[in-house]
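Reader: I have some questions about the fold and its contacts. Can we take them in turn?

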Amino acid sequence: MNKLDIAGRSKIWFAISTVVIVAGIICMCVRGFNFGIDFTGGTIIDLKFARPVAIAEVRSSLAKFGMEGATIQLSGAQSDVTAAEDVMIRAADMEEEQRKEVMAALKSDVGDYTVMREEKVGATIGGELITNAVLALVVSWALIIAYVAYRFEWRFGVAAVLALIHDILIVLAVFSFTGRQIDSSFIAALLTIVGYSINDTIVIFDRIRENLKLHFRRGGDVVKLVNTSVFQTLTRSLYTVFTVMFTTFALYFFGGETTKDFAFALLVGFGCGCYSSIFIASPLWIVFRKMGDKKKVAANAAVAK
């Protein structure tokens, strides 16, 4: 296991990530994202049917109007896996005539119902969500750099944040490639991924710091030190990510349609977080450290002259 030179082969890991991220950015620019009604605006309708109905019945009726992609949720005291009286429909914005046709078709195809709530979600909410999400990420990155710089050194903080940006860009790229819907739950998934990824990275950085103090001599091999530190924490990292992934896989396969995109984002993000903690963050720290050492050597040489 120790023969694997993780830190020494950093150019390979950087190249792999660069290819994926660049391809993702191109796809984002060309194809864009499949935004949900939280971002584009739409209609939310809560209905209480006279009998328990299945999602397939409601979706079949909506499909006549090209709305088979609408989000349909079952709820209420009598809800179960297959049918419920209370149904919430989240769909793209509809004109008044289309809305009346849809409501009439639901009554004819599915059964009699009572309208509990009907409201439009404006597209401006999407702008607020994006602004708040970006602000939350930027603030968290600034605080991470400040905290890690205080506890470790600033190079650790910058490397950790760059690894987080790497994870987010890959998750965004995958969602652009696959065309999966992005809604408010996606923002929650991103923030969850940030929390998970930074935790795994800090564990490795903490071991590097300990080894720097205890086993590193001036002019020693930093690459060997990082490899040793990574392998000392590798078992913990793998156990953690496998445990989290098993749980998230269960959520993806058994959690229902409404949680699939959220769980998918977590699966991609947790996998990227484990990868970046091992193959990106630590090698980045080596790059920054070597750059700093070169500057010190250059500065000392200038003073000596």
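Reader: Which residue does aspartate 261 meet in a salt bridge?

Author: This is a predicted model. The N to O distance of the pair is 2.9 Å. It links distant parts of the chain, 81 residues apart: aspartate 261 lies in helix 9, residues 257-304, and its partner in the loop between helix 6 and strand 6. The partner is arginine 180.

Reader: Where in the chain is aspartate 109, which pairs with lysine 64?

Author: The two side chains form a salt bridge at 2.7 Å, N to O. Lysine 64 is exposed at 58% relative accessible area, while aspartate 109 is partly exposed at 35%. The partners are 45 residues apart, with lysine 64 in the loop between helix 3 and strand 3. Aspartate 109 is in helix 4.

Reader: Are arginine 155 and glutamate 153 buried or exposed?

Author: Their side chains meet in a salt bridge, 3.3 Å from N to O. As for accessibility, arginine 155 and glutamate 153 are both buried.

Reader: Which strands stand at the edges of the open sheet of 4 strands?

Author: The pairing is antiparallel, and the strand order is 3-4-2-5.

Reader: What is the bridge partner of leucine 74 in strand 4?

Author: Strand 3 and strand 4 run antiparallel. They are joined by 5 bridges, and strand 4 spans residues 83-92. For leucine 74, the partner in strand 4 is valine 87.

Reader: What angle does the direction of helix 4 make with that of strand 5?

Author: Helix 3 (residues 55-63) packs on the sheet, and its direction makes about 130° with that of strand 2. Helix 4 (residues 96-109) also packs on the sheet, touching strand 2, strand 4 and strand 5. Its angle with strand 5 is about 150°.

How values were computed. Residues numbered from 1 in each chain as written. Predicted model: local features only at pLDDT ≥ 70, side-chain atom pairs only at ≥ 80, totals over all residues. Heavy atoms only, no water. Pairing = 2+ DSSP bridges. Helix = DSSP H or I, 4+ residues; strand = E, 2+ residues; numbered from the N terminus. Contact = heavy atoms within 4.5 Å. Axes fitted to C-alpha atoms, helices over the stretch in contact; angles between N-to-C directions. Salt bridge = Lys/Arg side-chain N within 4 Å of Asp/Glu carboxyl O. Buried < 20%, exposed > 50% of the residue type's maximum accessible area, 1.4 Å probe, protein only.
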